[in-house]
Amino acid sequence: MGKVTKKQKEARAKVDANKAYSIEEASALVKEVTTTNFDASVDLAVRLNVDPRKANQMVRGVVTLPHGTGKDVKVLALVTPDKEAEAKEAGADFVGLDEYLDKIKSGWTDVDVIITMPSVMGKLGPLGRVLGPRGLMPNPKTGTVTMDVAKAVSDVKAGKIDFKVDKTGIVHAAIGKSSFSADKIVGNAQELLSTLVKLKPQTSKGIYIKSVYISSTMSPSIEIESKGLAG
């Protein structure tokens, strides 16, 4: 483990590890304890009372953050020629089909999101071993396999993210940057949390949201009061 710097020690001293903060307090505090000299990513970690091994307790979805992610998302649109102009107009960074499939086969994955059409999914099947582990395989459930390519591209560019509970029952999501105002961080966090509440599986018994923590790159984690978020 690396040496803790003076700035990091000062940041840790500002966070009461025994306290759960309001979402407003935590969003202001995470900005205060960010010590990086770059625009750090702000992340939310939400522990859910679900068993992801059971299909009926797998929590997965998409959310459009009202204030965006603060990240310039690189989008690849794998589309047939008749959809190329629409994808480019919507802001896709890379547009095409066979030439990009060949590039991916050769190991190129320099994109954040891939959007495609139902008719093209058959060609992507063999690339599952490359795209799957990187979270790049398009999926109809997240809106990345669609005939409305323009809407899918513009939604992603505007701040739409997809999330999935991991095997330990935690949803991790980037909800902004440390340069965001505290109000914008609050708005994005609330949007993600309310979406998670709507996705509560009927088979989840007891307290659904067990804990919520916010942090930025290399900052200490700050617990957010989770009582009242969901039963």
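## A walk through a predicted chain

Met-147 is partly exposed, with a relative accessible area of 47%. Met-147 sits in the loop that links helix H6 (128-131) to helix H7 (149-158). Once neighbours within four places in sequence are set aside, Met-147 is in contact with Lys-83, Glu-86, Met-117 and Pro-118. Val-79 lies 68 residues away from Met-147 in sequence, yet their C-alpha atoms are 9.5 Å apart in space.

### The chain as a whole

Let us step back to the overall picture. The protein chain has eight helices and nine strands. Its radius of gyration is 19 Å, close to the 17 Å that the globule rule gives for 231 residues, so the chain is as compact as a globular protein of that length. Along the principal axes, the C-alpha atoms fill a box of roughly 55 × 45 × 35 Å.

How much of the chain is buried? Of the 231 residues, 45% are buried. The protein chain exposes about 12200 Å², and carbon and sulfur atoms supply 51% of that area. As for charge, there are 34 positive and 27 negative charges, and their mean positions are 7 Å apart.

Among contacts in the protein chain with a separation of 6 or more, 71% are between residues 24 or more positions apart. The pairs below put some names to the topic of sequence distance against spatial distance.

| Pair | Separation in sequence | C-alpha to C-alpha distance |
|---|---|---|
| Met-147 and Val-79 | 68 residues | 9.5 Å |
| Ala-158 and Lys-71 | 87 residues | 9.9 Å |
| Tyr-208 and Asn-49 | 159 residues | 4.8 Å |
| Ser-226 and Ile-23 | 203 residues | 9.0 Å |

### Around helix H7

Ala-158 belongs to helix H7. With a relative accessibility of 45%, Ala-158 counts as partly exposed. Apart from neighbours within four places in sequence, Ala-158 is in contact with Leu-65 and Gly-68. Lys-71 is 87 residues from Ala-158 along the sequence, with 9.9 Å between the two C-alpha atoms.

Thr-116 lies in strand E5, which covers residues 113-116. Is Thr-116 buried or exposed? Thr-116 is buried, because its relative accessible area is 0%, under the 20% cut-off for that class. Which residues is Thr-116 in contact with, leaving aside neighbours within four places in sequence? They are Leu-78, Met-121, Leu-124, Pro-138, Thr-144, Val-145 and Thr-146.

Thr-34 is found in the loop between helix H2 (23-32) and strand E1 (41-48). This threonine is buried, with a relative accessible area of 17%. One is with the backbone oxygen of Val-30, which the side chain of Thr-34 reaches at 2.6 Å. The other is a polar contact at 2.7 Å with the side chain of Ser-216. Not counting residues up to four places away in sequence, Thr-34 touches Ala-40, Ser-178 and Ser-216.

Tyr-208 occupies the loop between helix H8 (182-198) and strand E8. Where does its side chain reach? The side chain of Tyr-208 reaches the backbone oxygen of Leu-196 at 2.9 Å. Tyr-208 is buried, with a relative accessible area of 0%. Asn-49 is 159 residues away in sequence, while the C-alpha atoms of Tyr-208 and Asn-49 are 4.8 Å apart in space.

Ser-226 comes in the segment after E9. Ser-226 is buried, with a relative accessible area of 12%. Beyond neighbours within four places in sequence, Ser-226 is in contact with Ile-209, Lys-210, Ser-211 and Val-212. Ile-23 lies 203 residues from Ser-226 along the chain, with their C-alpha atoms separated by 9.0 Å.

How values were computed. Residues numbered from 1 in each chain as written. Predicted model: local features only at pLDDT ≥ 70, side-chain atom pairs only at ≥ 80, totals over all residues. Heavy atoms only, no water. Helix = DSSP H or I, 4+ residues; strand = E, 2+ residues; numbered from the N terminus. Buried < 20%, exposed > 50% of the residue type's maximum accessible area, 1.4 Å probe, protein only. Polar contact = N/O pair within 3.5 Å; in protein donor to acceptor, adjacent residues only side chain to side chain. Contact = heavy atoms within 4.5 Å. Rg over C-alpha atoms; globule rule 2.2 N^0.38 Å. Areas by Shrake-Rupley, 256 points an atom, 1.4 Å probe, with all protein chains shown as cover. Lys, Arg positive; Asp, Glu negative; His and termini not counted. Charge placed at Lys NZ, Arg CZ, Asp CG, Glu CD.
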